[in-house]
Amino acid sequence: MLRVLTSIVLVVVLSGSLAGCGGEEESTAGSDDPGIADTAASTTDFCDALTGVSEAYGAVSADDLTEEEVVAIKAAVTELVEVGVPEDTSDEAQEGFVLVTSEVLDLPDDATIEELEAAGEDFSGADEEKADAFDDYVDQTCDDASGEDE
């Protein structure tokens, strides 16, 4: 499944789809969910934060994951969480955002490449649908904003 990698990073790293992420107006819609920022992110800020996550993952050596790389990934994901999601994100996609980001942030700093790749594999049923909704939202929002085709 590799939801964390596919939802946020590998597709982005391989396709470069977030490189030109464009923007929309910022909103002030909030959420009571502790995993979502109180103020909705602009599309630009959201896509830029995703780009930061993809860059952190892109810096990972395939053979040997270092503690510094894990810390950098977690810092980029923390920034993404602080930025939050745009107002037009569905409730299901917002819940997927929380699930996906929590999987990464819950990893120990000395996680192995196998643990990083396994993050999100335990999603099933409703959680898998939420993670898929977030993945679809990222694809649509940041690809559309950049003007690139999938």
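Welcome! At 53% relative accessibility, E114 counts as exposed, a word used here for over 50% relative accessible area, with buried meaning under 20% and partly exposed anything in between (1.4 Å probe, protein chains only). What you are looking at is a predicted model, in which local features need pLDDT of at least 70 and side-chain atom pairs count only at pLDDT 80 or more, while totals for chains, interfaces and linings use all residues. Residues are numbered from 1 along each chain as its sequence is written, and side-chain values use heavy atoms, with hydrogens and water left out.

**The overall picture**

- The protein has 6 helices and 0 strands, where helices (H or I, at least four residues) and strands (E, at least two) are DSSP runs numbered from the N terminus.
- Read from the N terminus on, the elements follow the order α-α-α-α-α-α.
- Of the 150 residues of the protein, 46% count as buried.

- E114 belongs to a negative surface patch, together with E67, E68, D110, E115, E117, E121 and D122.
- Helix 3 (67-83) and helix 5 (113-118) are the elements that give two or more residues to this negative patch.
- Helix 5 gives the most to the negative patch, with 3 residues.
- Patches are made of residues with over 30% relative accessible area and no salt bridge, with like charges joined within 9 Å and nonpolar side chains (Val, Leu, Ile, Met, Phe, Trp, Tyr) within 5 Å.
- Asp and Glu count as negative and Lys and Arg as positive, while His and the chain ends are not counted.
- The place of a charge is taken as CG of Asp, CD of Glu, NZ of Lys or CZ of Arg.
- The accessible areas come from the Shrake-Rupley method with a 1.4 Å probe, and for residues only the protein chains shown count as cover.

**Salt bridges**

- A search of the whole structure finds 3 salt bridges, each being a side-chain nitrogen of Lys or Arg within 4 Å of a carboxyl oxygen of Asp or Glu.
- In one of them, the side chains of K74 and D109 meet at 2.8 Å, N to O. K74 lies in helix 3 and D109 in the loop between helix 4 (91-105) and helix 5, so this pair ties together parts that are 35 residues apart in sequence.
- K74 is buried, with a relative accessible area of 15%, whereas D109 counts as partly exposed at 33% relative accessibility.
- E95 forms a salt bridge with K130, and their closest N and O atoms are 2.8 Å apart. With E95 in helix 4 and K130 in helix 6, the pair ties together parts that are 35 residues apart in sequence.
- E95 counts as partly exposed, at 34% relative accessibility.
- K130 also forms a salt bridge with D127, where the closest N and O atoms are 4.0 Å apart. Both K130 and D127 lie in helix 6, 3 residues apart, which is about one turn of the helix.
- D127 is partly exposed, with a relative accessible area of 30%. Through salt bridges that share partners, E95, D127 and K130 are joined into one network.

**Aromatic contacts**

- The whole structure holds 3 aromatic pairs. Rings of Phe, Tyr and Trp (its six-membered ring) pair if their centres lie within 6.5 Å, and planes under 30 degrees apart count as stacked, over 60 as edge-to-face and the rest as tilted.
- F46 and F134 form an edge-to-face aromatic pair, at 6.4 Å centre to centre with 80° between the planes. This pair links distant parts of the chain, with F46 in helix 2 (residues 43-58) and F134 in helix 6 (residues 125-146), 88 residues apart.
- F46 is buried, with a relative accessible area of 0%, and F134 is buried with a relative accessible area of 0%.
- F46, F97, F134 and Y137 form one aromatic cluster.

- G52 lies in helix 2 and counts as partly exposed at 25% relative accessibility. The C-alpha atoms of G52 and A75 are separated by 9.4 Å, with the two residues 23 residues apart along the chain.
- A133 is found in helix 6 and is buried, with a relative accessible area of 16%. Between the C-alpha atoms of A133 and T89, 44 residues apart along the chain, the separation is 9.4 Å.
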